[in-house]
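The terms are defined where they are used.

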Amino acid sequence: MAGDATSLGQAIQMGRLTASEAMEASLAAACRLAETGAIVHVDPTLGRTAAENADARLRHLPGGGRIPPFLGVPSLAKDLGGPFAGLPVAAGSNMLERRAAVAEDSDLAERLRGTGLCFFGLTTVPEMGLSLASEPAAGPICRNPLDAGRTPGGSSGGAAAAVAAGIVAIAHATDAGGSMRVPAACCGLFGLKASRGAIAAGPSFGNHLGGIASELALCRSVRDLAVIFNAAAGRARGPFADPWFAPSPPGPLRVGLLLETGDQYPTEPARSEAVEEAARALEADGHSVVPMYWDAFAASVATSGRALRDIIAVNLANFVVSAGLDAGRSERLTQAFINHGSQLEATALWATLGDAVHASHAVWSLFDRVDCILTPMLASAPLPIGSFPFDHDDIDLQIRRMTAFAPLATLANATGFPALTLPFGADDAGLPLPVQILAPMGGDRLLIELAAGLEREGRWQHRFAVAGIPE
């Protein structure tokens, strides 16, 4: 495993190293691996203070007192979403100068800190999160630590690169159109886009995006994912009712198997084969496999792309006006999204939102005959740096490029269903072969259980150890 947040937290609790020593190891790794472009902002004082507080808490903890699972474990927040007190978010944009940090945590940030995580910086994102690569003009260009010529994905690309490289064992991430799952898939990590309404998004709801966005973390193991999900899920206090987290169905599951993603967005054979092998592993555990076909998904996928385009454009246009930003300082493609959002008629947006509701209903119908659906996550290996340029104003081209790379990424966002990606093997170049599992609303813990079973197959090994893990 080369270490995860759980093992680092246990080492700190057992006294094999202090939280301060773990923080110094992460700070040193951040400096040593700066060429990955994973981190856009570092605050050593913030990190050291958090670590010192964790050490003090351990020293003065009363006998039998509960120790948070990740107490003293260094971590990073994403330069989008949150916010996290003490960290100045700029969303990868020159429109937002990295000025004074926010004074208070979001509800989610407070819960993540409650697990014991010690935040010391921000990870790289594309401008305003508008890409499945992380190469903002404001810099830095984020590179995949498994192959520096390729993207680690986006928009949580910096988070994925930092975790895969071992700078930290776990990092905050967000997902509005595959932004957490695509980077996880590119870098051999675990990422869960939770059921709509499961994860706290207040009090500002600045990254709400009409319900398509969700926040959590990128992880190196299923056990880390389970811990962070349990800490963050439920009691979200709006705007939706908390989902009921369904127990796993008794007996064997009916696993829907989708191997192909249509002629317009074909998936490479090696990646389809990984999905098929994952299905065989689930069959060996006693589950049954039900073949499924692209025709049942194609219309909902197209709707999801339009919903992503219109919702983020309107949200961005509103944000630029309300925050008094100069759109002329943004990248060309970002300006095109802003223009689309400012010119989109309310009736057109309403039609898009209505189509998304029907897409959600269509996906619900798929679960009438299966308990979960196993699909490809990426259509190809992580793409070369420069594959998602911002030097044009064709927003539909950007959506098509993103859909071609990750055909089923936006489906879970637009429809609200939980989706989890995990690595299930490596290709000839040593890059991960990811798969995705979708479940009915509230089936998040079922996804975690299934991922744990597939993780035990041992098909993927992390290349880099976590900074600070004692040998």
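1. On accessibility, a residue is called buried under 20% relative accessible area, exposed over 50% and partly exposed in between, with a 1.4 Å probe and protein chains only. By that scale C118 is buried, at a relative accessible area of 3%, whereas C31 counts as exposed at 62%.

2. On the basis of the model: it is predicted, so local features need pLDDT of at least 70 and side-chain atom pairs count only at pLDDT 80 or more, while totals for chains, interfaces and linings use all residues. Residues are numbered from 1 along each chain as its sequence is written, and side-chain values use heavy atoms, with hydrogens and water left out.

3. On disulfides (a pair of cysteine sulfur atoms within 2.5 Å), the structure holds zero. C31 is in no disulfide, and the nearest cysteine sulfur, that of C142, lies 16 Å away. C118 is likewise in no disulfide; for C118 the nearest cysteine sulfur belongs to C219, at 16 Å.

4. On salt bridges (a side-chain nitrogen of Lys or Arg within 4 Å of a carboxyl oxygen of Asp or Glu), a search of the whole structure finds 16. One of them pairs D371 with R254, with the closest N and O atoms 3.2 Å apart. This pair links distant parts of the chain, 117 residues apart: D371 is in the loop between α11 (346-366) and β9 (372-376), and R254 is in strand β7 (residues 254-258). Helices (H or I, at least four residues) and strands (E, at least two) are DSSP runs, numbered from the N terminus. D371 counts as buried, at 15% relative accessibility, while R254 is partly exposed, at 32%.

5. Where do R280 and E276 lie? Both are in helix α8 (residues 269-284), four residues apart, which is about one turn of the helix.

6. Are R309 and D310 buried or exposed? R309 is buried, with a relative accessible area of 16%, and D310 counts as buried at 2%. The two residues form a salt bridge, with the closest N and O atoms 2.8 Å apart. Elsewhere, salt bridges that share partners join E268, R271 and D427 into one network.
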